[in-house]
Amino acid sequence: MSPTSSLLVLGASILMIVVLISRFRIHPFLALLAASLVVGMGSGMQPTAIVAAFEKGMGSTLGFLAGIIGLGSLLGKLLEESGGAKRIATTLLGWCGEKNAPWAMMLVGFIAGIPVFFEVGFVLLIPLIYVVARQTRISMLCLGVPLATSLMVVHCMLPPHPAATAITGMLGADIGKVILYGLIVGIPTAVIAGPLWVRFACKREPSAAQLQFLEERSEPVNGHEQLPSFAITLSAVLLPLVLMVGKTFIVTLLDKDSAAHEWVTFIGNPLVAIAISVCWAYWVLGLRRGLNTTQLLALTNRCFPPLAGILLIIGAGGAFNDMLVGSGIGKVLADLLGQTHLNPIILAWLVAGLMHFAVGSATVAMISAAGMVLPLLAQHPEHDRAIIVIAIGAGAIGWTHVTDSAFWIVKEYLGLSLSEAIRKFTCATVLASGIALLGTLLLAEFV
(Lines give C-alpha, C1' and ligand atoms only; values in the text may rest on other atoms or scores of the structure.)
Protein backbone atom coordinates (compact mmCIF):
# COMPACT_ATOMS: atom_id res chain seq x y z
CA MET A 1 0.00 0.00 0.00
CA SER A 2 1.46 3.36 -1.04
CA PRO A 3 2.05 6.16 1.48
CA THR A 4 -0.52 8.32 -0.32
CA SER A 5 -3.18 5.63 -0.03
CA SER A 6 -2.34 5.10 3.63
CA LEU A 7 -2.74 8.79 4.40
CA LEU A 8 -6.04 8.92 2.49
CA VAL A 9 -7.35 6.04 4.59
CA LEU A 10 -6.19 7.74 7.79
CA GLY A 11 -7.77 11.04 6.71
CA ALA A 12 -11.04 9.31 5.88
CA SER A 13 -11.10 7.59 9.29
CA ILE A 14 -10.44 10.82 11.19
CA LEU A 15 -13.05 12.67 9.10
CA MET A 16 -15.52 9.90 9.88
CA ILE A 17 -14.90 10.30 13.63
CA VAL A 18 -15.44 14.06 13.41
CA VAL A 19 -18.58 13.90 11.26
CA LEU A 20 -20.23 11.06 13.15
CA ILE A 21 -19.69 12.69 16.55
CA SER A 22 -20.23 16.37 15.76
CA ARG A 23 -22.75 16.23 12.89
CA PHE A 24 -24.78 13.08 13.49
CA ARG A 25 -24.35 12.90 17.29
CA ILE A 26 -23.19 9.29 17.17
CA HIS A 27 -21.66 7.98 20.41
CA PRO A 28 -17.83 8.23 20.27
CA PHE A 29 -17.50 4.47 20.91
CA LEU A 30 -19.46 3.68 17.74
CA ALA A 31 -17.59 6.37 15.79
CA LEU A 32 -14.21 4.92 16.81
CA LEU A 33 -15.44 1.41 16.00
CA ALA A 34 -16.48 2.53 12.51
CA ALA A 35 -13.17 4.35 11.99
CA SER A 36 -11.24 1.24 13.03
CA LEU A 37 -13.09 -0.77 10.40
CA VAL A 38 -12.32 1.88 7.76
CA VAL A 39 -8.61 1.72 8.63
CA GLY A 40 -8.55 -2.07 8.58
CA MET A 41 -10.52 -2.56 5.37
CA GLY A 42 -9.04 0.46 3.59
CA SER A 43 -5.49 -0.73 4.26
CA GLY A 44 -6.22 -4.23 2.94
CA MET A 45 -6.07 -6.15 6.22
CA GLN A 46 -7.67 -9.59 6.28
CA PRO A 47 -11.09 -9.65 8.02
CA THR A 48 -9.85 -11.96 10.76
CA ALA A 49 -6.80 -9.72 11.27
CA ILE A 50 -9.10 -6.71 11.70
CA VAL A 51 -11.05 -8.47 14.43
CA ALA A 52 -7.87 -9.68 16.13
CA ALA A 53 -6.32 -6.19 16.09
CA PHE A 54 -9.50 -4.65 17.52
CA GLU A 55 -9.71 -7.24 20.30
CA LYS A 56 -6.01 -6.89 21.13
CA GLY A 57 -6.10 -3.08 21.20
CA MET A 58 -9.26 -2.84 23.28
CA GLY A 59 -8.23 -5.62 25.64
CA SER A 60 -4.70 -4.35 26.28
CA THR A 61 -5.92 -0.79 26.90
CA LEU A 62 -8.72 -1.70 29.27
CA GLY A 63 -6.65 -4.38 30.95
CA PHE A 64 -4.46 -1.62 32.33
CA LEU A 65 -7.19 0.95 32.92
CA ALA A 66 -10.51 -0.60 33.89
CA GLY A 67 -9.66 -1.21 37.54
CA ILE A 68 -7.93 2.17 37.93
CA ILE A 69 -10.87 4.09 36.46
CA GLY A 70 -13.35 2.17 38.59
CA LEU A 71 -11.45 2.81 41.81
CA GLY A 72 -10.83 6.45 40.88
CA SER A 73 -14.54 6.96 40.30
CA LEU A 74 -15.32 5.43 43.69
CA LEU A 75 -12.84 7.78 45.37
CA GLY A 76 -14.54 10.73 43.68
CA LYS A 77 -17.99 9.53 44.71
CA LEU A 78 -16.91 9.25 48.35
CA LEU A 79 -15.55 12.80 48.17
CA GLU A 80 -18.79 14.03 46.65
CA GLU A 81 -21.31 12.37 48.95
CA SER A 82 -19.37 12.85 52.18
CA GLY A 83 -19.27 16.62 51.65
CA GLY A 84 -15.49 16.53 51.27
CA ALA A 85 -15.54 18.68 48.13
CA LYS A 86 -17.62 21.30 49.94
CA ARG A 87 -15.21 21.20 52.89
CA ILE A 88 -12.25 21.88 50.60
CA ALA A 89 -14.12 24.78 49.00
CA THR A 90 -15.29 26.43 52.23
CA THR A 91 -11.89 26.05 53.89
CA LEU A 92 -9.96 27.56 50.99
CA LEU A 93 -12.48 30.39 50.69
CA GLY A 94 -12.03 31.08 54.40
CA TRP A 95 -8.25 31.16 54.04
CA CYS A 96 -8.19 33.34 50.91
CA GLY A 97 -10.93 35.73 51.97
CA GLU A 98 -13.83 37.08 49.94
CA LYS A 99 -11.59 39.55 48.13
CA ASN A 100 -9.53 36.69 46.68
CA ALA A 101 -12.47 34.40 45.95
CA PRO A 102 -11.40 33.81 42.29
CA TRP A 103 -8.06 32.45 43.55
CA ALA A 104 -9.86 30.25 46.05
CA MET A 105 -12.13 28.79 43.35
CA MET A 106 -9.09 28.04 41.18
CA LEU A 107 -7.50 26.13 44.07
CA VAL A 108 -10.79 24.35 44.79
CA GLY A 109 -11.01 23.20 41.18
CA PHE A 110 -7.42 21.98 41.14
CA ILE A 111 -7.66 20.00 44.38
CA ALA A 112 -11.25 18.75 44.23
CA GLY A 113 -10.84 17.98 40.52
CA ILE A 114 -8.14 15.36 41.09
CA PRO A 115 -10.53 12.49 41.91
CA VAL A 116 -13.69 13.69 40.09
CA PHE A 117 -14.59 14.23 36.43
CA PHE A 118 -15.02 17.76 35.07
CA GLU A 119 -18.81 17.64 34.85
CA VAL A 120 -19.20 16.17 38.34
CA GLY A 121 -16.82 18.67 39.91
CA PHE A 122 -18.44 21.71 38.31
CA VAL A 123 -22.02 20.70 39.05
CA LEU A 124 -21.03 19.72 42.58
CA LEU A 125 -19.45 23.10 43.33
CA ILE A 126 -21.75 25.43 41.40
CA PRO A 127 -24.12 26.00 44.39
CA LEU A 128 -21.15 27.33 46.32
CA ILE A 129 -20.37 29.76 43.49
CA TYR A 130 -23.95 31.04 43.66
CA VAL A 131 -23.69 31.61 47.40
CA VAL A 132 -20.28 33.31 47.23
CA ALA A 133 -21.40 35.51 44.33
CA ARG A 134 -24.40 36.69 46.32
CA GLN A 135 -22.40 37.35 49.49
CA THR A 136 -19.44 39.09 47.86
CA ARG A 137 -21.22 40.78 44.94
CA ILE A 138 -18.52 39.37 42.65
CA SER A 139 -19.45 38.43 39.10
CA MET A 140 -20.08 34.71 38.63
CA LEU A 141 -17.66 34.82 35.69
CA CYS A 142 -14.85 35.80 38.07
CA LEU A 143 -15.64 32.73 40.18
CA GLY A 144 -16.88 30.17 37.66
CA VAL A 145 -14.24 30.56 34.93
CA PRO A 146 -11.25 29.93 37.27
CA LEU A 147 -13.08 26.89 38.68
CA ALA A 148 -13.93 25.49 35.24
CA THR A 149 -10.46 26.16 33.80
CA SER A 150 -8.64 24.48 36.67
CA LEU A 151 -10.99 21.50 36.47
CA MET A 152 -10.24 21.22 32.74
CA VAL A 153 -6.47 21.44 33.33
CA VAL A 154 -6.59 18.64 35.91
CA HIS A 155 -8.97 16.59 33.74
CA CYS A 156 -6.53 16.59 30.81
CA MET A 157 -3.15 16.46 32.52
CA LEU A 158 -3.29 14.53 35.78
CA PRO A 159 -3.81 10.81 36.39
CA PRO A 160 -5.92 9.14 37.73
CA HIS A 161 -8.22 10.87 35.22
CA PRO A 162 -9.08 8.30 32.53
CA ALA A 163 -7.61 9.91 29.40
CA ALA A 164 -4.38 11.00 31.09
CA THR A 165 -3.97 7.55 32.61
CA ALA A 166 -4.79 5.86 29.29
CA ILE A 167 -2.21 7.71 27.22
CA THR A 168 0.37 7.25 29.99
CA GLY A 169 0.00 3.51 29.52
CA MET A 170 -0.18 3.71 25.73
CA LEU A 171 3.04 5.73 25.49
CA GLY A 172 4.82 3.70 28.17
CA ALA A 173 5.43 6.72 30.42
CA ASP A 174 6.12 6.61 34.15
CA ILE A 175 2.89 7.62 35.88
CA GLY A 176 4.72 9.20 38.81
CA LYS A 177 6.59 11.49 36.44
CA VAL A 178 3.38 12.35 34.61
CA ILE A 179 1.74 13.42 37.88
CA LEU A 180 4.78 15.45 38.94
CA TYR A 181 5.16 17.14 35.55
CA GLY A 182 1.40 17.71 35.39
CA LEU A 183 1.51 19.56 38.71
CA ILE A 184 4.55 21.62 37.67
CA VAL A 185 2.93 22.70 34.39
CA GLY A 186 -0.71 22.64 35.50
CA ILE A 187 -0.58 24.94 38.52
CA PRO A 188 0.88 27.99 36.69
CA THR A 189 -1.48 27.26 33.80
CA ALA A 190 -4.53 27.31 36.08
CA VAL A 191 -3.31 30.52 37.74
CA ILE A 192 -2.72 32.44 34.49
CA ALA A 193 -5.82 31.19 32.65
CA GLY A 194 -7.98 31.43 35.77
CA PRO A 195 -7.78 34.30 38.27
CA LEU A 196 -5.35 36.38 36.20
CA TRP A 197 -7.41 35.94 33.03
CA VAL A 198 -10.73 36.95 34.62
CA ARG A 199 -9.06 39.95 36.24
CA PHE A 200 -8.20 41.13 32.75
CA ALA A 201 -11.21 39.87 30.78
CA CYS A 202 -14.20 40.04 33.16
CA LYS A 203 -15.81 42.83 35.12
CA ARG A 204 -15.73 42.15 38.84
CA GLU A 205 -19.18 43.65 39.45
CA PRO A 206 -22.14 41.45 38.46
CA SER A 207 -24.54 42.66 35.78
CA ALA A 208 -28.24 43.14 36.44
CA ALA A 209 -28.94 39.97 34.45
CA GLN A 210 -26.53 38.00 36.67
CA LEU A 211 -28.15 39.31 39.84
CA GLN A 212 -31.55 38.23 38.53
CA PHE A 213 -30.11 34.82 37.58
CA LEU A 214 -28.69 34.40 41.10
CA GLU A 215 -32.00 35.24 42.72
CA GLU A 216 -33.66 32.51 40.70
CA ARG A 217 -30.98 29.85 41.18
CA SER A 218 -29.41 30.34 44.59
CA GLU A 219 -30.37 28.13 47.48
CA PRO A 220 -29.39 28.57 51.12
CA VAL A 221 -26.43 26.54 52.31
CA ASN A 222 -26.93 24.43 55.42
CA GLY A 223 -24.29 25.76 57.75
CA HIS A 224 -24.96 22.98 60.28
CA GLU A 225 -24.14 20.16 57.89
CA GLN A 226 -21.51 17.87 59.38
CA LEU A 227 -18.61 17.86 56.95
CA PRO A 228 -15.35 15.91 57.22
CA SER A 229 -12.30 17.89 58.32
CA PHE A 230 -10.13 19.58 55.73
CA ALA A 231 -7.04 17.55 56.65
CA ILE A 232 -8.87 14.22 56.41
CA THR A 233 -10.45 15.15 53.09
CA LEU A 234 -7.12 16.31 51.67
CA SER A 235 -5.45 13.08 52.78
CA ALA A 236 -7.98 11.04 50.81
CA VAL A 237 -7.51 13.20 47.69
CA LEU A 238 -3.71 13.34 47.71
CA LEU A 239 -2.79 9.87 49.00
CA PRO A 240 -2.79 8.16 45.55
CA LEU A 241 -0.63 10.95 44.10
CA VAL A 242 1.83 10.71 47.00
CA LEU A 243 2.14 6.93 46.61
CA MET A 244 2.66 7.04 42.83
CA VAL A 245 5.05 10.00 42.79
CA GLY A 246 6.89 8.65 45.85
CA LYS A 247 7.53 5.37 44.07
CA THR A 248 9.16 7.19 41.15
CA PHE A 249 11.73 8.81 43.44
CA ILE A 250 12.28 6.08 46.04
CA VAL A 251 12.99 3.22 43.62
CA THR A 252 16.00 5.12 42.27
CA LEU A 253 17.57 4.90 45.72
CA LEU A 254 17.06 1.17 46.19
CA ASP A 255 18.81 -1.91 44.89
CA LYS A 256 16.67 -3.38 42.08
CA ASP A 257 17.04 -6.89 43.51
CA SER A 258 16.04 -5.92 47.06
CA ALA A 259 12.73 -6.72 48.73
CA ALA A 260 12.28 -3.01 49.53
CA HIS A 261 12.43 -2.16 45.82
CA GLU A 262 9.83 -4.81 45.10
CA TRP A 263 7.42 -3.55 47.76
CA VAL A 264 7.82 0.13 46.86
CA THR A 265 7.16 -0.70 43.20
CA PHE A 266 4.10 -2.71 44.24
CA ILE A 267 2.62 -0.02 46.48
CA GLY A 268 3.32 2.72 43.91
CA ASN A 269 1.59 0.82 41.11
CA PRO A 270 -1.45 2.94 40.05
CA LEU A 271 -3.95 0.16 40.73
CA VAL A 272 -2.55 -0.62 44.19
CA ALA A 273 -2.08 3.05 45.11
CA ILE A 274 -5.67 3.93 44.29
CA ALA A 275 -6.96 0.77 45.99
CA ILE A 276 -5.14 1.77 49.19
CA SER A 277 -6.58 5.27 48.88
CA VAL A 278 -10.11 3.93 48.45
CA CYS A 279 -9.73 1.79 51.57
CA TRP A 280 -8.59 4.88 53.48
CA ALA A 281 -11.47 6.92 52.08
CA TYR A 282 -13.96 4.15 52.97
CA TRP A 283 -12.81 4.53 56.56
CA VAL A 284 -12.35 8.30 57.00
CA LEU A 285 -15.17 9.47 54.72
CA GLY A 286 -17.53 6.56 55.30
CA LEU A 287 -17.36 4.21 58.26
CA ARG A 288 -15.82 6.74 60.62
CA ARG A 289 -18.64 9.18 59.85
CA GLY A 290 -21.40 6.70 60.64
CA LEU A 291 -22.07 4.99 57.31
CA ASN A 292 -22.60 1.25 57.49
CA THR A 293 -21.48 -1.31 54.95
CA THR A 294 -24.92 -1.46 53.32
CA GLN A 295 -24.82 2.29 52.66
CA LEU A 296 -21.28 2.05 51.31
CA LEU A 297 -22.37 -0.74 48.97
CA ALA A 298 -25.20 1.42 47.66
CA LEU A 299 -22.76 4.30 47.14
CA THR A 300 -20.38 2.00 45.29
CA ASN A 301 -23.14 0.72 43.04
CA ARG A 302 -24.12 4.29 42.13
CA CYS A 303 -20.65 5.26 40.96
CA PHE A 304 -20.04 2.46 38.44
CA PRO A 305 -22.86 2.75 35.81
CA PRO A 306 -21.73 6.17 34.47
CA LEU A 307 -18.31 4.65 33.71
CA ALA A 308 -19.59 2.35 30.95
CA GLY A 309 -19.41 4.99 28.22
CA ILE A 310 -15.98 6.20 29.30
CA LEU A 311 -14.53 2.68 29.36
CA LEU A 312 -15.97 1.88 25.92
CA ILE A 313 -14.58 5.10 24.42
CA ILE A 314 -11.11 4.50 25.83
CA GLY A 315 -11.17 0.84 24.79
CA ALA A 316 -12.25 1.72 21.25
CA GLY A 317 -9.55 4.40 21.14
CA GLY A 318 -6.97 1.77 22.06
CA ALA A 319 -8.34 -0.50 19.34
CA PHE A 320 -8.14 2.32 16.77
CA ASN A 321 -4.52 2.92 17.70
CA ASP A 322 -3.68 -0.79 17.41
CA MET A 323 -5.37 -0.84 14.01
CA LEU A 324 -3.08 1.99 12.84
CA VAL A 325 -0.05 -0.05 13.90
CA GLY A 326 -1.29 -3.34 12.45
CA SER A 327 -2.21 -1.80 9.11
CA GLY A 328 1.18 -0.12 8.68
CA ILE A 329 -0.41 3.34 8.54
CA GLY A 330 1.26 4.24 11.82
CA LYS A 331 4.73 3.82 10.28
CA VAL A 332 3.76 5.87 7.24
CA LEU A 333 2.40 8.60 9.50
CA ALA A 334 5.56 8.54 11.62
CA ASP A 335 7.75 8.92 8.52
CA LEU A 336 5.62 11.81 7.27
CA LEU A 337 5.56 13.62 10.61
CA GLY A 338 9.28 13.06 10.97
CA GLN A 339 9.85 14.90 7.70
CA THR A 340 8.09 18.00 9.05
CA HIS A 341 10.98 18.46 11.53
CA LEU A 342 8.49 19.77 14.10
CA ASN A 343 9.39 19.32 17.73
CA PRO A 344 7.44 16.20 18.87
CA ILE A 345 6.17 18.16 21.88
CA ILE A 346 4.64 20.84 19.65
CA LEU A 347 3.36 18.18 17.27
CA ALA A 348 1.65 16.23 20.08
CA TRP A 349 0.10 19.46 21.39
CA LEU A 350 -1.09 20.51 17.93
CA VAL A 351 -2.68 17.18 17.02
CA ALA A 352 -4.55 16.95 20.35
CA GLY A 353 -5.77 20.54 20.04
CA LEU A 354 -7.04 20.06 16.50
CA MET A 355 -8.82 16.84 17.45
CA HIS A 356 -10.50 18.48 20.45
CA PHE A 357 -11.59 21.41 18.29
CA ALA A 358 -13.13 19.05 15.74
CA VAL A 359 -14.52 16.25 17.89
CA GLY A 360 -15.49 18.10 21.08
CA SER A 361 -14.22 15.42 23.45
CA ALA A 362 -10.93 15.88 25.28
CA THR A 363 -10.84 12.13 25.97
CA VAL A 364 -11.22 11.17 22.31
CA ALA A 365 -8.74 13.87 21.30
CA MET A 366 -6.07 12.63 23.71
CA ILE A 367 -6.50 8.96 22.81
CA SER A 368 -6.43 9.72 19.07
CA ALA A 369 -3.43 12.04 19.37
CA ALA A 370 -1.47 9.44 21.33
CA GLY A 371 -2.07 6.89 18.59
CA MET A 372 -0.87 9.25 15.89
CA VAL A 373 2.20 10.44 17.81
CA LEU A 374 3.31 7.07 19.21
CA PRO A 375 4.98 5.75 16.01
CA LEU A 376 7.02 8.95 15.78
CA LEU A 377 8.51 8.56 19.26
CA ALA A 378 10.70 5.65 18.18
CA GLN A 379 12.60 8.17 16.05
CA HIS A 380 13.03 10.52 19.02
CA PRO A 381 14.18 8.42 22.00
CA GLU A 382 15.65 11.55 23.60
CA HIS A 383 12.18 12.82 24.54
CA ASP A 384 10.78 11.69 27.88
CA ARG A 385 7.47 9.92 27.24
CA ALA A 386 5.98 11.65 30.31
CA ILE A 387 6.64 15.03 28.67
CA ILE A 388 4.77 13.91 25.55
CA VAL A 389 1.81 12.87 27.73
CA ILE A 390 1.74 16.36 29.24
CA ALA A 391 1.99 17.93 25.77
CA ILE A 392 -1.03 15.93 24.57
CA GLY A 393 -2.99 16.94 27.66
CA ALA A 394 -1.99 20.57 27.12
CA GLY A 395 -3.33 20.46 23.58
CA ALA A 396 -6.62 18.87 24.66
CA ILE A 397 -7.35 21.64 27.17
CA GLY A 398 -7.86 24.20 24.42
CA TRP A 399 -10.80 24.93 22.16
CA THR A 400 -13.53 23.85 24.56
CA HIS A 401 -16.40 25.24 22.52
CA VAL A 402 -19.86 24.35 21.17
CA THR A 403 -18.95 20.75 20.29
CA ASP A 404 -17.98 19.95 23.90
CA SER A 405 -20.50 19.14 26.64
CA ALA A 406 -18.25 20.91 29.16
CA PHE A 407 -18.85 24.18 27.30
CA TRP A 408 -22.62 23.89 27.61
CA ILE A 409 -22.45 22.97 31.29
CA VAL A 410 -20.42 26.11 32.05
CA LYS A 411 -22.62 28.28 29.85
CA GLU A 412 -25.92 27.15 31.37
CA TYR A 413 -24.87 27.02 35.03
CA LEU A 414 -23.31 30.49 34.83
CA GLY A 415 -26.25 31.92 32.87
CA LEU A 416 -24.07 33.13 29.98
CA SER A 417 -24.99 34.00 26.43
CA LEU A 418 -23.30 32.00 23.69
CA SER A 419 -20.97 34.86 22.79
CA GLU A 420 -20.06 35.44 26.45
CA ALA A 421 -19.25 31.77 26.98
CA ILE A 422 -16.98 31.75 23.92
CA ARG A 423 -15.24 35.03 24.79
CA LYS A 424 -14.68 34.19 28.46
CA PHE A 425 -14.50 30.40 28.88
CA THR A 426 -13.39 29.16 25.45
CA CYS A 427 -10.71 31.86 25.28
CA ALA A 428 -9.59 30.88 28.79
CA THR A 429 -9.06 27.27 27.65
CA VAL A 430 -7.15 28.41 24.55
CA LEU A 431 -4.94 30.57 26.78
CA ALA A 432 -4.49 27.64 29.18
CA SER A 433 -3.47 25.38 26.30
CA GLY A 434 -0.87 27.86 25.08
CA ILE A 435 0.55 28.46 28.56
CA ALA A 436 0.71 24.71 29.19
CA LEU A 437 2.62 24.21 25.93
CA LEU A 438 5.17 26.85 26.92
CA GLY A 439 5.48 25.28 30.36
CA THR A 440 5.98 21.83 28.82
CA LEU A 441 8.67 23.08 26.43
CA LEU A 442 10.45 24.83 29.30
CA LEU A 443 10.23 21.76 31.52
CA ALA A 444 11.62 19.59 28.73
CA GLU A 445 14.82 21.64 28.80
CA PHE A 446 15.51 20.55 32.38
CA VAL A 447 14.39 16.89 32.49
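Axes here are lines fitted to C-alpha atoms, for helices over the stretch in contact, and angles run from 0 to 180 degrees between N-to-C directions. I note at the outset that this is a predicted model.

**Entry 1: α3 against α14**

I started with α3 and α14, which pack at an angle of about 120 degrees with their axes 9 Å apart. The two helices are therefore oblique to each other. I also looked up the handedness, and α3 passes α14 in a right-handed crossing.

Next I wanted the residues that touch. On the α3 side I wrote down Ser 73, Leu 74, Lys 77, Leu 78 and Glu 81. Across from them, α14 brings Leu 296, Leu 299, Thr 300, Arg 302 and Cys 303. Sorted by class, this α3 and α14 contact has five nonpolar, two polar and three charged residues.

**Entry 2: α17 against α21**

The crossing of α17 and α21 is right-handed.

From α17, the contact uses Ile 345, Ile 346 and Trp 349. From α21, I listed Ser 433, Leu 437, Thr 440, Leu 441 and Ala 444. This contact of α17 with α21 splits into six nonpolar, two polar and no charged residues.

**Entry 3: the largest pocket**

How big is the largest pocket? I got a volume of about 770 Å³. I counted 35 residues in its lining, and those nearest the centre are Glu 119, His 155, Ile 310, Thr 363 and Ser 405.

Which helix gives the most to the lining of the largest pocket? That is α3, with five residues. I also checked which helices supply at least two lining residues each, and among them are α3 (47-81), α6 (118-136), α7 (140-157), α14 (293-303) and α15 (307-327). Also on that list are α8 (162-171), α18 (362-377) and α20 (405-413). By class, I have 20 nonpolar, nine polar and six charged residues in the pocket lining.

**Entry 4: the cavity**

The structure holds one cavity of 30 Å³ or more, and the largest cavity has a volume of about 60 Å³.

Its lining includes Ile 69, Gly 72 and Ser 73. I also wrote down Ile 114, Pro 115 and Phe 117, then Pro 160, His 161 and Pro 162, as lining the largest cavity. Here too I looked up the helix that gives the most, and for the largest cavity it is α3, with three residues. The cavity lining divides into six nonpolar, three polar and no charged residues.

Last, I went through the backbone. Most residues other than glycine have a negative phi, and most peptide bonds are trans.

Where is Pro 160? I found Pro 160 in the loop between α7 and α8. The peptide bond from Pro 159 to Pro 160 is cis, with omega near 15 degrees.

My other note is on Arg 25, a residue other than glycine with a positive phi, near 55 degrees. I placed Arg 25 in the loop between α1 (3-23) and α2 (28-42).

Conventions:
Residues are numbered from 1 along each chain as its sequence is written. This is a predicted model: local features need pLDDT of at least 70, side-chain atom pairs count only at pLDDT 80 or more; totals for chains, interfaces and linings use all residues. Side-chain values use heavy atoms; hydrogens and water are left out. On a 1 Å grid over the protein atoms alone, a cavity is a set of points where a 1.4 Å probe fits but cannot get out, and a pocket is an open set with protein on both sides within 12 Å along at least five of seven lines; lining residues have an atom within 4 Å of a point. Grid points are joined across faces, edges and corners, and a volume is the space filled by probe spheres set on the points. Helices (H or I, at least four residues) and strands (E, at least two) are DSSP runs, numbered from the N terminus. Ala, Val, Leu, Ile, Met, Phe, Trp, Tyr, Cys and Pro count as nonpolar, Asp, Glu, Lys and Arg as charged, and the others, Gly among them, as polar. A crossing is left-handed if the near helix is turned anticlockwise from the far one by less than a right angle, and right-handed if clockwise. Contact means heavy atoms within 4.5 Å. Angles under 35 degrees count as roughly parallel, over 145 as roughly antiparallel, 65 to 115 as roughly perpendicular and the rest as oblique.
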